[in-house]
Structure formats: structure tokens, C-alpha cells
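Welcome to the tour! Open your viewer and get ready to select a few residues with me.

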Amino acid sequence: AHSLRVLPDLFWVLNRGDVLLAEEIALEIASRLGLPAADARLLANRIPIPQAAQDAYLLGLFFKNKGSVDALQRAIGYFEEAVSIEPEFAKAYSEMGDAYLSLASWQGPSRTLWPKARAAANRALEIDSSVSLAHLVRAGALLCHDLDAAAAEPIFLRAIELNPGYSPSLQRYGYSLMTQGRFDESLTWLRRSLELDPVSLSNNGHYGRALHFMGRTEEAMAQLRHTTELDPAYPVAHRILGLVYLEADRVDEAIREFEEALALGGGQGAMGELGYAYAIAGRIEAAEAQLERLLRYSRRGEDSAYSLALIHLGLGKVPEVFEWLDRAYGERDFRLIRLLVDPIWDELRGDPRFGDLVVRIGLAPGRSLGYSL
């Protein structure tokens, strides 16, 4: 199943020297991978991609899949190199947009990064409107930056329609459903994404997150431990596992996971979670050190309000929590889309200010558009 993700690269391997792949070979490969014949013909008739652009693209994929801030920045550099060599390289533009989207999520959803993600996806679609990942990036920006799950849903479904075998589309649509509290639907899509690519770190990690939000704590722990075993250097799994440990009142273990995530390049999100854990563990000086670190980020214009709200929550400073959550809304921090279902905010759910924020974001259990697996 993982080979679906690298199918174009397989074509390029068979197509070295810029000689167009024969349609009958494309049809045979597509048949074995379960792709429609129309998709095979489209791939077979692509413009030749220079080898130097292909090599830069593959290096970009390598670093993008590592998932740390530094690796994502390197990935973007390689994708930029690829499109500078071949300006009509739609797949490289779409992967660049996806890397910008991931980087915005990791280092704090900087408002300078979301437009770059959109611009790269739009350029990919100008070249080739059938690139599923470009639609997926557009949907992700609508969900995570615009905080508009309703507008994102049909675009997620379009991405899936274009490539039903591409597991990230299923996983991210499942994630969107999860944030709306549509857990049964969410797990259906997330399980299917895992079936398509059982070794994907993102698929495994977000399946564990969904189990966590559903209150299935022991299952979530097992799933996330499995994810860290697949790749101990994947920071997001350590972050989510730390949150699950917090829910289970295993605070010392949570702190170790957050510290590990931060050491692995987990970004300012890991700082906020670590500061929160320090605070509820009574390690106030350590919590305040993380708070000051994030305040420096904020003063130099980096979006870190959500993480600051989280540490204030741990310190029990409720007025400051809402002040920073309001700023996070102004920053369009993507983590706000989890307010409806994330148990870390449970103690505030009876506060009218929290309910008002949920309404402003438009979070409420929605209805399915009727697309099914």
C-alpha cells in the first residue's frame, strides 16, 4: 500500500533519461497497484522531469517524512530546488505546500507559512488539477488556518475521490471528523488509512490521538508506544503519548515524553505541553521557564499564544488562559480546532467564555456528506 505514495517515483525510475514511459507499462503497473486506467494514462503522458529535479524531489520527501522542524525546512529547500529546475513539476509544488502546512503546525502556526502552503498547492493545481495532494493541502489550510471544517470537508472528499488509495487523505479527513466529535466516522477513516499504510508514523500517531480523545486511554497508550517503536525519533508520537499519560495521572512519564519530543525537534507546541506538565507536577520554576521562553517567541512575532494559554492553565491562572486563547484565535492557531474534544480543557467547559470561543470557531458535531468507504 505504501507504494501508492511513491508511484510517480517508480515511473521516474523506469523513465530515466527523460524517455516517456510507454502507456502499456504504465497500465500494467497501475493494474497491479489498483489504480484506474485513466490515472495510468495521465502518468504515462506527463512531461519529462529532468533527473536533477527528480533527485531534489526525492530528497525533499525523505526529509519531509522525518517530521521535525529542521527536517521540514530542509525538505522545503529541496522542493524549491526541484521546481526551480522544472517549473511545471506539479507534484513537487504539492509536496512543498504539504511541508509548509506541517511546518506551520510544528513551529507554531505562523501566519507567514499558511499563505505559502496555499500558494504552492494552487500552483500545483494550475499545472495539473488532478493532483490529489494539492487538494488535500487546500483542505488542510481551510481546516487548520481558517478553522472552517465545513468548507474543508468537500475538498477533503475531492482529494479522496482523486486518489482513494492515498492514505494521508483518509487520515486527515478522519482527523477533521475527530475534531468535530464525529468519532465513529473518524475511526472508520483512520482505520482504513492504517490498512493502506500500516507503517506510516502519522497514521499510527493520529489513530492513537483519536483513541485518546475518545477516552480509550489504555488502547491509546498501546497504539502510541507502537508508534514510538516504529521510529523513536518521531516527535509527534512522544507528544501525544505524553498527553495520554497526563490523562492517566502519570505526570512524570508525561514529562519524560514531552522532554523527548522537544529534544527531537518538536517545536514550540512541545514547549507548551511540557510547561503545562511541569505546572501540574508542582515544578513551578520549570513551568515559568518554559513560559518565559514562549513569551520571547511571542514578542518577536511568532504565534505561540495557544501554548502560553496551556501553561497558564496548568498554573491555574484562568483569566490569563482566556486572554491567550483569544490571542490564539486571532493567530488562527490550528490547535483550536481540537477544543471540542481535547480533554485537557475539560475543567473550563462550564465557563461561558469557553463556550463562546467554541461557537466562534464553529465547532459542533456536523453531518456527514454521505461519502463512504
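Leaving aside neighbours within four places in sequence, which residues is Trp 345 in contact with? Select Trp 345, and you will find Tyr 306, Ala 309, Leu 310, Leu 313, Val 321, Leu 325, Leu 339 and Phe 354; contact means heavy atoms within 4.5 Å.

A quick note before we move on. This is a predicted model, where local features need pLDDT of at least 70, side-chain atom pairs count only at pLDDT 80 or more, and totals for chains, interfaces and linings use all residues. Residues are numbered from 1 along each chain as its sequence is written, and side-chain values use heavy atoms, with hydrogens and water left out.

Next, select Ile 311, which lies in helix 18 (residues 305-315); helices are DSSP runs of H or I with at least four residues, numbered from the N terminus. Ile 311 counts as buried because its relative accessibility is 0%, and buried means under 20% relative accessible area with a 1.4 Å probe, protein chains only.

Then go to Arg 209 in helix 12 (residues 201-213). Beyond four places in sequence, the contacts of Arg 209 include Tyr 175, Met 178 and Arg 338.

How values were computed. Helices (H or I, at least four residues) and strands (E, at least two) are DSSP runs, numbered from the N terminus. Buried means under 20% relative accessible area, exposed over 50%, partly exposed in between (1.4 Å probe, protein chains only).
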